[in-house]
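I set out to look up helix packing, charged pairs and surface features, one topic at a time. The entries below record what I found.

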Amino acid sequence: MSAHPVRLTLAVSDYDHVRDLTAGRIAVEGVELTCLQMPVEEIFFRFTAFREWHVSELSLAKYVTMVAAREPVAAIPVFPSRVFRHSAIYVRGGGHVREPADLAGARIGVPEWFQTAGVWARGVLAHEFGLRLTDVRWVQAGLRQPGRQEQFTPPAGMTVVVESGRSLIDMLLAGDLDAIVTARPPEGAEHAIVPLFPDAAEREREWHRRTGVQPIMHVIALRGDVLDAHPWVAANLYQAFVEARDRSLARVADLNVSRFPVPWLQTYARAAAADFGGDPFPYGVEANRPTLEAFLGYAHEQGLTPRLLRVEELFPAQVRRQYRI
């Protein structure tokens, strides 16, 4: 380890479970950390396009495509954003689409084919409800604003059309789409646009109990030159993120004071811990293997990766195992 701290810059969104780290209340051994916080879309764009900082929150979908392309990045098994995505599928209120079977041969809009939420939602439709993704006519466009374009080659056997003149919301309301899949809810069109699954939370709980999958949205990635120069940084960063998460979970469970402005939050937290075997927000490789394997399978099927990646390819050896005392 260096005699003087290694100076690193980290870009990550403002989550309570990373705040003790970004605020400096938790130190990373051997590292002098400068933290930047901004919207995740800006973090992803600036890191993937320019590598402006050393350590970055990153979309899981984007990360697996970078691993498949052998780009010089490496992630630690810290997952700052996790969201179930049965609730990411929207249809017109009162329209003809009332269940997944109604989407056979449909026109479905996505803001990006490579959006992690979309990968999860399409995987659920295909594997849980038998929707043939190759029979769907996919349309890529901005959710709220026209002009959002994604540069990519459509997956083999799938039709993906880029629409630059209209938004997904406008096309869905006009009847030119049958559904949209989006991480961001289509705000401003309540009642006119509704979730495909009104009971999404119950479906998600049942799916998790049956499969062990708890969808991961984002990872923490390091530039390859950082890991090459300082191999120990990965494990030290991982340990600091774990401590920050543990402190956050302790705040949620505190019955003495209202640390968050949500009534009965501690009751929800206890129920979630029970649902997830005592760890509602797991980090590490083995605790997340079913989730990671499911995502890698979906990513390959949907054309994000030219081959099926192995979980071990996602993380450097220094963080695939932890020491035991």
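This is a predicted model: local features need pLDDT of at least 70, side-chain atom pairs count only at pLDDT 80 or more; totals for chains, interfaces and linings use all residues.

**Entry 1**

I looked up R251 and found it in a salt bridge with D16, with the closest N and O atoms 3.0 Å apart. R251 belongs to helix α8 and D16 to helix α1 (residues 16–22), so I recorded a link between distant parts of the chain, 235 residues apart.

**Entry 2: other charged pairs**

I recorded the general principle that side chains of opposite charge can pair when their charged atoms come close. How many salt bridges does the structure hold? The total I noted is 31.

I took the pair D135 and R132, whose side chains meet in a salt bridge at 2.9 Å, N to O. D135 has 40% relative accessibility and is therefore classed as partly exposed. R132 has a relative accessible area of 54%, which means that it is exposed.

I next examined R307, which forms a salt bridge with E313; the closest N and O atoms are 2.6 Å apart. Both residues fall in the partly exposed class, R307 with a relative accessible area of 34% and E313 at 23% relative accessibility. I also looked for salt bridges that share partners, and found that they join D14, D16, R19, D20, R25, E243, R247 and R251 into one network.

**Entry 3: packing against helix α10**

I asked at what angle the axes of α3 and α10 cross. Helix α3 (residues 60–68) and helix α10 (residues 289–301) have axes that come within 11 Å and cross at roughly 70°. The range of 65 to 115 degrees counts as roughly perpendicular, and therefore α3 is roughly perpendicular to α10. On the α3 side I listed L60, A61 and V64 as making the contact; on the α10 side, F295, L296 and A299.

From α4 the contact involves T116, V119, W120, G123, V124 and H127. From α10 it involves T291, A294, F295, Y298, A299 and E301.

**Entry 4: V83 and its surroundings**

I located V83 in the loop between β4 (73–76) and β5 (89–92). V83 is partly exposed, at 31% relative accessibility. Which residues does V83 touch, not counting those up to four places away in sequence? I recorded P215 and M217. I also checked the C-alpha distance between V83 and Q214: the two are 7.6 Å apart in space and 131 residues apart in sequence.

**Entry 5: a nonpolar surface patch**

I looked up nonpolar residues on the surface and found a patch formed by V262, W264 and Y268, with about 380 Å² of accessible area together. I placed W264 in the loop between α8 (233–253) and α9 (265–275). With a relative accessible area of 63%, W264 is exposed.

How values were computed: Residues are numbered from 1 along each chain as its sequence is written. Side-chain values use heavy atoms; hydrogens and water are left out. Patches are made of residues with over 30% relative accessible area and no salt bridge: like charges are joined within 9 Å, nonpolar side chains (Val, Leu, Ile, Met, Phe, Trp, Tyr) within 5 Å. Accessible areas come from the Shrake-Rupley method with a 1.4 Å probe; for residues, only the protein chains shown count as cover. A salt bridge is a side-chain nitrogen of Lys or Arg within 4 Å of a carboxyl oxygen of Asp or Glu. Helices (H or I, at least four residues) and strands (E, at least two) are DSSP runs, numbered from the N terminus. Buried means under 20% relative accessible area, exposed over 50%, partly exposed in between (1.4 Å probe, protein chains only). Axes are lines fitted to C-alpha atoms, for helices over the stretch in contact, and angles run from 0 to 180 degrees between N-to-C directions. Angles under 35 degrees count as roughly parallel, over 145 as roughly antiparallel, 65 to 115 as roughly perpendicular and the rest as oblique. Contact means heavy atoms within 4.5 Å.
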